[in-house]
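Hi,

Here is the structure I promised to pass on. Have a look at it first, and then read on for what turned up when I went through it.

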Amino acid sequence: MSQQYIIGIIGLGYVGLPLSIAFAEKYSVIGYDINRERIADLKNGIDKTKELESTQFSTKIPIRFTTELDDLRFCNVYIITVPTPINQNKEPDLSYLINASKSVGSILKNGDLVVYESTVYPGCTEEECVPILQATSGLIFNQQFFVGYSPERINPGDRTRPIQSIIKVTSGSTHEIAKVVDNLYKSVITAGTFLAPSIKVAEASKAIENAQRDVNISFMNELALMFDKMDINIDEVLEAAKTKWNFLPFRPGLVGGHCIGVDPHYLAYKAMQVGYTPKVILSGREVNEQMGVWMGEKIIAQLAKQFNGEIKGKKVLILGFAFKENCADTRNTKVIDVYTTLINAGLQVQVFDPLVDADLVKKTFNLDLSESKDGQYDYIFKAVNHSIFN
Ligand SMILES: NC(=O)c1ccc[n+]([C@@H]2O[C@H](COP(=O)([O-])OP(=O)(O)OC[C@H]3O[C@@H](n4cnc5c(N)ncnc54)[C@H](O)[C@@H]3O)[C@@H](O)[C@H]2O)c1
């Protein structure tokens, strides 16, 4: 492949935008997204995900942002960073990936490389995406076009770990192409790369990173549920336990977002497809899913104790609505479960989170965020540990 890469990034969200900026340091980059509003914002130097400082992202960034697929025709590398959510049955929703593959396939040329970054289950790239690329392009896989997979590991809200500082796992559809993919990423990721032996291994490595975190937090959540019934303070238990060198210092909490609570279902789906029903992964998910309601019920119980059961109309302030600290992302936020539990108990609940997009929250959750946290409340619950609340 030519070293004169022209890179098309497909999907400019939390992953695609920082990636585009990293590649634009060295290569010509065209950023493509089907969301017209997002492209209009980016053209004006606005990033609603708030992932980048204004010094990193402005109208001066030499990236061409577009909603026109035709603008990608001169690219020779396509990197796909579209969402991979789950559906109502908690099964992989590959529709974004399929549509993006169809789009790229329709403009693919002899010698082009397509790299997937979206989180998927092991086997998805070669079993689901490659056949689409082949069918829509009419080109022969591994002769006329090539594929790579490099999972994204960014941590939204974490300013200390920019994309360049996180080791990138890479892989390719042939031995030679794997090296091409690896060198491409190595040229912009200062932390370096890890070349996985196959696309499947790279896909699996990402899926287990997030499943491991989910399971570890679920253990802490289970402890929180248990010790609560035993009237033991979990913080005090963890303080004591973490003095042992090999105790892992995870914390109980709400697990939402587009990754940790979603990716384990991708792994479980594939496992079940091949005849194994994972027990630890799925029970961890089950424990984590109930925490929002449980926290709501705890607040109700404390209010009931304080006001002799007369809780109707009591005022509660929830601080934070994002799925995690210092981040604008509200996808799958579990704060909504706390909120709904309190509302259903007849409480008056205000939610304050200046980091998130209030219009999007209204549209997605039918919830009006408060513009201020000032006021008199019977209970204040810090649901998300944004630094601005400390
Ligand atoms: N957000 C994270 O922290 C994170 C971290 C690591 C990996 N990932 C993975 O990266 C992938 C992308 O996640 P994200 O958080 O950036 O999602 P996102 O929703 O923030 O961004 C995805 C973008 O893709 C666009 N899009 C959807 N379909 C498209 C299509 N057919 N063509 C062009 N654009 C299209 C959307 O309009 C959106 O702007 C997912 O698989 C996710 O699991 C996310």
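Let's start with the largest nonpolar core, which has 60 residues; Ile10, Ile79, Ile80 and Val114 are the members that touch the most others. Helix H6, residues 199–230, is the top contributor to this core, giving 6 residues. The core also draws on two domains, with at least three residues from each of domain 1 (6–198) and domain 2 (207–285). Before you read too much into any single side chain, keep in mind that this is a predicted model.

Leaving out neighbours within four places in sequence, Ile80 is in contact with Ile10, Gly11, Ala100, Val104, Val114, Tyr116, Glu117 and Ser118. Apart from this core lies another one, of 33 residues, and its members include Ile217, Cys259, Ile260 and Val338. As a rule, nonpolar side chains in soluble globular proteins tend to be buried together.

Now the ligand. Which residues sit closest to the ligand? They are Gly11, Gly13, Tyr14, Val15 and Ser118, out of 29 residues that surround it. Two of those names, Gly11 and Ser118, also turn up among the contacts of Ile80. By class, the shell around the ligand holds 13 nonpolar, 11 polar and 5 charged residues. Helix H3 (residues 95–105) gives the most to that shell, with 4 residues.

On to the overall layout.

The chain has 12 helices and 11 strands. Its radius of gyration is 23 Å, close to the 21 Å that the globule rule gives for 390 residues, so the chain is as compact as a globular protein of that length. Along the principal axes, the C-alpha atoms fill a box of roughly 75 × 45 × 40 Å. Of the 390 residues, 41% are buried. If you count contacts between residues at least 6 apart in sequence, 74% of them join residues at least 24 apart.

Asp182 is in helix H5 (residues 175–186). Is Asp182 buried or exposed? Asp182 counts as buried because 22 other C-beta atoms lie within 10 Å, and the cut-off for that is 20 or more. Its contacts, leaving aside neighbours within four places in sequence, are Thr170, Thr193 and Leu195. Asp182 and Ser150 are 32 residues apart in sequence, with their C-alpha atoms 8.9 Å apart in space.

With 14 other C-beta atoms within 10 Å, Ala191 is partly exposed. Beyond its neighbours within four places in sequence, Ala191 is in contact with Gln164, Ser165, Ile166 and Ile167. Its C-alpha atom is 4.9 Å from that of Ser165, although 26 residues separate the pair along the chain.

Last, some backbone angles to check. Most residues other than glycine have a negative phi. Lys90, however, has a positive phi of about 60° and is not a glycine. You'll find Lys90 in the loop between S4 and H3, partly exposed, with 17 other C-beta atoms within 10 Å. Asn142 is another such case, with a positive phi near 65°. Asn142 is in the loop between H4 and strand S6 (145–149), and is partly exposed, with 14 other C-beta atoms within 10 Å.

Cheers

Conventions:
Residues numbered from 1 in each chain as written. Predicted model: local features only at pLDDT ≥ 70, side-chain atom pairs only at ≥ 80, totals over all residues. Core = buried A, V, L, I, M, F, W, Y, C linked by C-beta atoms within 7 Å. Buried ≥ 20, exposed ≤ 12 C-beta atoms within 10 Å, placed from the backbone. Helix = DSSP H or I, 4+ residues; strand = E, 2+ residues; numbered from the N terminus. Domains from an automatic or database assignment. Contact = placed C-beta atoms within 7 Å. Near = placed C-beta within 6 Å. Nonpolar A, V, L, I, M, F, W, Y, C, P; charged D, E, K, R; others polar. Rg over C-alpha atoms; globule rule 2.2 N^0.38 Å.
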